[in-house]
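Hi,

Here is the structure I said I would pass on to you.

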Amino acid sequence: MAAPGKLSTCRLPPLPTIREIIKLFRLQATKQLSQNFLLDLRLTDKIVRKAGNLANAYVYEVGPGPGGITRSILNADVAELLVVEKDTRFIPGLQMLSEAAPGKLRIVHGDVLTFKVEKAFSESLKRPWEDDPPNVHIIGNLPFSVSTPLIIKWLENISCRDGPFVYGRTQMTLTFQKEVAERLAANTGSKQRSRLSVMAQYLCNVRHIFTIPGRAFVPKPEVDVGVVHFTPLIQPRIEQPFKLVEKVVQNVFQFRRKYCHRGLGMLFPEAQRLENTGRLLELADIDPTLRPRQLSISHFKSLCEVYRRMCDEDPQLFAYNFREELRQRKIKKKEKQDDAKSYRL
């Protein structure tokens, strides 16, 4: 078994380089899919090392593309590597890797946003949530276009303990645009503090472990790339339904440069907005002049608990959407204008 934090000495047989694979199969990154290939195997090895000890582990790689990180994972002497790739152009190159590592690499042509990974591995790998993380890992160089919706989806899975987290507190090592990576790990008060910061950190230990310069990718993106490691917490820092936490956090950060009471007010219908916003802040013991980035996870915990009680008192409150109220108001205004115009005619 390999020493923790080091790649195994068990290596793949000689293979064409990733550049040669790209040339051989005439692969080009598709701009519409925000694809960028990482060709430097020293960097893909580093990503895999930062994921932890993968000897005899079961790994789910998302978006393998031409197979750079795939090679590094296989070289870590994993028990099994499952890759899910949406783009059929990459399948022949991945099949070449599969032939070089018999019985190790399983290839699925599919979409990571809909793939049911909870059925992909053996039931025997499941661990109680309170135990150490299972021997299952998620690793991926994500296309920028899917990185944010995918991590939000997986955070909801963590909250519900389903999807990839039926096996226990499955760890994830993923790439994001550097700005997104910084937001995910941003501390309270940081200029990078955002909705993503709170949603990730109330459920996980989040570490922005290193940054890869954009020039390491082909084609070179306009931004650098951050590698982020997530370990789900045994006990979430906010024990409320995911959708409720998400609604509170989204409303707060939609006016990120204003005082927090501005966004919190949008949780309530206009007729009761002032009164209910004041009540929410008072019961949660929150200073209404704090900016969104100044609110800690503890602040959000209090806000979510009070908002939950208010929703229990008024079951219609959680379904309220201020944008829908605004849209209905505009429709009524237009109808009145049309009626007035018809009357004049």
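Strands β2 (residues 58-62) and β3 pair in the parallel sense, with 5 bridges between them. Keep in mind as you look that this is a predicted model.

On to the next strand. β3 is also joined by 5 bridges to β4 (residues 105-109), and these two run parallel. Here Leu82 has Arg106 in β4 as its bridge partner. The chain crosses from β3 to β4 through helix α4 (residues 91-100), and that β-α-β crossover is right-handed.

So how covered is β3 itself? Of its 6 residues (80-85), 6 are buried. In a regular strand, side chains alternate between the two faces of the sheet. You can follow that here: Glu80, Leu82 and Val84 point one way, while Leu81, Val83 and Glu85 point the other way.

Now for a pair of helices. The axes of α5 (residues 144-160) and α8 (residues 242-253) come within 10 Å and cross at roughly 135 degrees. On the α5 side, the contact is made by Ile152, Leu155, Glu156 and Ser159, and on the α8 side by Phe242, Lys243 and Glu246. Sorted by type, the residues of this contact are 3 nonpolar, 1 polar and 3 charged.

Cheers

Technical notes. Residues are numbered from 1 along each chain as its sequence is written. This is a predicted model: local features need pLDDT of at least 70, side-chain atom pairs count only at pLDDT 80 or more; totals for chains, interfaces and linings use all residues. Side-chain values use heavy atoms; hydrogens and water are left out. Buried means under 20% relative accessible area, exposed over 50%, partly exposed in between (1.4 Å probe, protein chains only). Helices (H or I, at least four residues) and strands (E, at least two) are DSSP runs, numbered from the N terminus. Two strands pair if DSSP finds at least two bridges between them. A crossover is right-handed if, with the strands pointing away from the viewer, the path from the first strand over the helix to the second runs clockwise. Axes are lines fitted to C-alpha atoms, for helices over the stretch in contact, and angles run from 0 to 180 degrees between N-to-C directions. Contact means heavy atoms within 4.5 Å. Ala, Val, Leu, Ile, Met, Phe, Trp, Tyr, Cys and Pro count as nonpolar, Asp, Glu, Lys and Arg as charged, and the others, Gly among them, as polar.
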